[in-house]
Amino acid sequence: MTIAARFNQYLKEHDIHFQTVQHIHSRSSLHSGSVAGIPLMSLAKGVVLEDHEGHHVMAVLPSNNKISLSRVNDELCASFHLVKERQVYELFDDCDSGAVPPIGSPYHMSTLCDETLTNLDSVYLEAGDHETLIKLDRESFKQLMGQSKCFRFSSEVFH
């Protein structure tokens, strides 16, 4: 595979500049960061949330952080819960299981961005397979996040 088809099309349509980083086959985003030698705070992961009406939102946060659903729900005046893994794979059917790009727009969902990512010089993202990461500089990452709502909704988990 390489870059997931919808994600790749979105990057091209929005003229977002990026580099690819190839790495040995990984089992998860944390493992991808480890084998690629990337600081985990610079590797973004996506968590798909759903409200009681079935609306989906992609929450983007550092891979070594844990989402605070209470912060998300308080900020959005909503009641989101985590989507089960099997359903995530159905929504991202052009991606390998466990290698979902942390961006909602190409998959017709809103995106929330933890503001800690917007302060980094570089941010890395899963590309849709288990052997490729996308590297974005700060401006390209902000461009990718576009109309996302950015606020602090995660905290670091020590591994």
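1. Because the model is predicted, local features need pLDDT of at least 70 and side-chain atom pairs count only at pLDDT 80 or more, while totals for chains, interfaces and linings use all residues. Residues are numbered from 1 along each chain as its sequence is written, and side-chain values use heavy atoms, with hydrogens and water left out.

2. Glu126 belongs to strand β7, which covers residues 122-126; strands (E, at least two residues) and helices (H or I, at least four) are DSSP runs numbered from the N terminus. Glu126 counts as buried because its relative accessibility is 2%, where buried means under 20% relative accessible area (1.4 Å probe, protein chains only).

3. Beyond its neighbours within four places in sequence, Glu126 is in contact (heavy atoms within 4.5 Å) with residues including Phe7, Ser28, Ser29, Ser32 and Leu133. The side chains of Glu126 and Ser32 are joined by a polar contact of 2.9 Å, a term for a pair of N or O atoms within 3.5 Å, of which, within protein, one must be able to donate a hydrogen and the other to accept it, and residues adjacent in sequence count only if both atoms are side-chain atoms.

4. Ser32 is also one of the buried residues of helix α2 (residues 29-36), together with Ser29, His31 and Gly33. These buried residues pack against β2 (43-50), β7 and β8 (132-137), and just after α2, Gly37 takes a positive phi of about 70°.

5. Asp94 sits in the loop between α4 (85-91) and β6 (110-114), and Asp94 counts as buried at 13% relative accessibility. A polar atom of the Asp94 side chain lies 3.2 Å from the backbone nitrogen of Ala5.

Definitions and conventions
Buried < 20%, exposed > 50% of the residue type's maximum accessible area, 1.4 Å probe, protein only.
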